[in-house]
Amino acid sequence: MQKIPAPVRFLAIVAVLVIVFGACGSLTLGAFDKVQTHSPGSLLDPSALVGNVWHFLQETLRVVTTATDRNGVPLRNYFLSGLALTIEFCAISMPLAIVLGLALALMSRARNRWLRVPARAYVEFFRNTPLLVQMLAIYWGLLFLPPWLLNPGTAGVATLVLNYAAYECENLRAGLAAVDRGQGEAAESLGMGFFQSLRHVVLPQIISVVLPPILNDLIYMFKDSSILSLIAISELTKQSTGLGRQFPDHYWNFIAIGAIIYLLLSLPLARVARSVEERLRSVSYVPRMDPMVATVWVLAISTLIGVVAGALADTYSQKFGAITQWIFGVGLTLLLMLIVLVVLGGIVSLPGGLLGLFKRPNQPDQPDKPDSAPVAVAAQ
Amino acid sequence: MDALWNTLVIKFPDIVTGTILTLVFFIVCGILAMVIAIPAGLGRLSRFTAIRAVSTFYVETIRGTPLLFQLLVWSFGVQIVVVSLFGFSADQFIFQILTNLDSNNLYPKDISLAPIFFGMIGLGVNYGAYMAEVIRAGVQSVEHGQTEAALSLGLSRAQTTRFIILPQALRIMIPPLTNNFITLVQDTAFLQILGVYELSLVIQTAVQATSSPIVRWGLYAVALAIYFVICYSLALISRRAERRTQRTMAGAH
């Protein structure tokens, strides 16, 4: 099996998409045409199909370049602002999810059960309930809050961060389990504090384990952010399908552009994730950069992307992109996380505590190593 | 609290129906996804370039675009394409099937089944791509020497795949496949955007009918708890199955 170079493969995928969608578009042309200037084509007429696909390609290019809607707004602005919002949400949410996921991972490895139990309950809860219902619950359930604290933007950030923190926690926990516990203890016996040993000894070693799954999760978040359209955030999915509703004649053109934008971002990211994974597997990789510094860099760069994309979206849609909104979103997220941890921890530890009364006294109350069995499962 | 209790009592039949619908979607879409995933996953490893290209195209495009986007395309775009091309109407199709089964009194009178039909196809096709990747990875994880050994023993390629590779690969695939099934349960909630009254939409309509935060949170708590019970029991089953396979594999050595 010879390898086809990635750009060629991507172009081939786009070409096939355009042909398939072009065929769909040309075949449904008559369906919306009131004057019936076009009749629906036939699959059995290749020359007409070629002509229709060519026409479709021209129309798609026209949509991307010059076409405007009824108010004179260029159609490409819809796609740009949708894309900007999508990137913005991911760039704000992913770093925060990683940081909170690290906190959760450390909590779920702690020996103190008042830290461990709520963290486990949090992770299991968020991994086993639908993101969509979580989002609706956060938005519709908190509508009594003042609008500066709860609006679609802050609710969206809170949903993405809270959900993905649980997944990042699992990734990071698998990484932490791969590092021998003795190393942290050795570092602490050398006089390093907990955070120092974490920063200088443990985190540099786990980066090679956790980077590929985190990159994969970034792709997932990029796609999952499409659900934000359900709380009236006009990101890419909403923009392209909404345009399709407005101009049903060009439905397949808009769908093709939207799909290609999604593929343009997610396929290269998947490629990067795979190559990082392969490179990290081949050598025992120890990063030269201090992970703390690296984290600050990643945070800074992604915030910059978020702000720039927000500014772009702001010029186009005049609705989103206020920095205060992101700050309040982060605040809302932290607040909700605290509440969820306390509530879920309470719900889970109450029956556990009651059950503990009936346990035989000669058995230990809790296993000494909380990370023995479940982590081995997660590490695979 | 009284208001919450009253709402729950009134909505109880709807919630039960919604839960059953969610489970039905999970089972049907899961079967559909597996039916698509096995040829697609094996096709990505095929010797023939055409088969490989088709399955790679399918997997990469589906995995590269969001489920919501795909469901909207299925329900709006594809529906119109198949109507204008083949005159195919999902409602008539389902009615015809039910008639052939001598039970078309089951067909609901006042709602269209087209969103359910296209939604299930969209969900199944989506998960087919993710599961195809799992199957490909599982097959690839079986050592290549085993294929060579089987071929040199005189087994055909199909026989090798069936008797040598798939039994070993299936064992490796079980945990990631169950993970996919768990997310499939969660993603049946997406069918609410097509107006299918499954659990999340039942809850959402009830929520939008009240203004009291307590009632809203109570309803959401019920929905989240039901989803959690379904998904977490699946996760527990998968963990137990995984432990058992590890034990048998350890015993085999």
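Read along the sequence, chain A follows the pattern α-α-α-α-α-α-α-α-α-α-α-α-α-α, where helices (H or I, at least four residues) and strands (E, at least two) are DSSP runs numbered from the N terminus. The model is predicted: local features need pLDDT of at least 70 and side-chain atom pairs count only at pLDDT 80 or more, whereas totals for chains, interfaces and linings use all residues. Residues are numbered from 1 along each chain as its sequence is written, and chains are lettered from A and ligands numbered from 1 in the order in which they are written.

Of the 380 residues in chain A, 41% are buried. A residue is classed as buried if 20 or more other C-beta atoms lie within 10 Å of its own, as exposed if 12 or fewer do, and as partly exposed in between, with C-beta atoms placed from the backbone. Among contacts in chain A with a separation of 6 or more, 77% are between residues 24 or more positions apart; two residues are in contact if their C-beta atoms, placed from the backbone, lie within 7 Å.

Helix α4 of chain A covers residues 75-108 and has 34 residues. From its first C-alpha to its last, α4(A) reaches 49 Å, close to the 50 Å expected at 1.5 Å a residue; the expected span is 1.5 Å times one less than the number of residues. The helix α4(A) is mostly covered, with 29 of its 34 residues buried.

Two loop residues of chain A were examined. A:V179 is located in the loop between α7 (152-178) and α8 (181-189) of chain A. A:V179 counts as partly exposed because it has 16 C-beta neighbours inside 10 Å. Not counting residues up to four places away in sequence, A:V179 touches A:V202, A:Q205 and A:I206. A:L228 is 49 residues from A:V179 in sequence, and the two are 37 Å apart in space, C-alpha to C-alpha. The second residue, A:A232, lies in the loop between α9 (194-224) and α10 (236-246) of chain A. Most residues other than glycine have a negative phi. For A:A232, phi is near 65 degrees, a positive value in a residue other than glycine. A:A232 counts as exposed because it has 12 C-beta neighbours inside 10 Å.

Chain B contains nine helices and zero strands. Its C-alpha trace spans about 70 × 50 × 40 Å along the principal axes. Chain B has 253 residues, of which 36% count as buried. Residues 24 or more positions apart account for 76% of the contacts in chain B with a separation of 6 or more.

Within chain B, helix α1 (residues 2-43) packs against helix α5 (residues 114-141) at an angle of about 45 degrees, with the axes 6 Å apart. Axes are lines fitted to C-alpha atoms, for helices over the stretch in contact, and angles run from 0 to 180 degrees between N-to-C directions. The angle makes α1(B) oblique to α5(B); angles under 35 degrees count as roughly parallel, over 145 as roughly antiparallel, 65 to 115 as roughly perpendicular and the rest as oblique. The crossing of α1(B) and α5(B) is right-handed, a crossing being left-handed if the near helix is turned anticlockwise from the far one by less than a right angle, and right-handed if clockwise. Residues in this contact include B:F25, B:V28 and B:L32 of α1(B) and B:M120, B:L123 and B:R136 of α5(B). By class, the contact has 20 nonpolar, three polar and one charged residues. Here Ala, Val, Leu, Ile, Met, Phe, Trp, Tyr, Cys and Pro count as nonpolar, Asp, Glu, Lys and Arg as charged, and the others, Gly among them, as polar.

The axes of α1(B) and α7(B) come within 9 Å and cross at roughly 135 degrees. That angle makes α1(B) oblique to α7(B), and the crossing is right-handed. The contact is formed by B:F26, B:C29 and B:G30 of α1(B) with B:F181, B:L184 and B:V185 of α7(B). Five of these residues are nonpolar, one is polar and none is charged.

The contact between the chains takes 38 residues from chain B and 40 residues from chain A. On the side of chain B that touches chain A, two or more residues each come from α2 (49-64), α3 (67-86), α7 (157-187), α8 (199-209) and α9 (213-252) of chain B. The largest share, 13 residues, comes from α9(B). The residues on this side of chain B divide into 25 nonpolar, eight polar and five charged.
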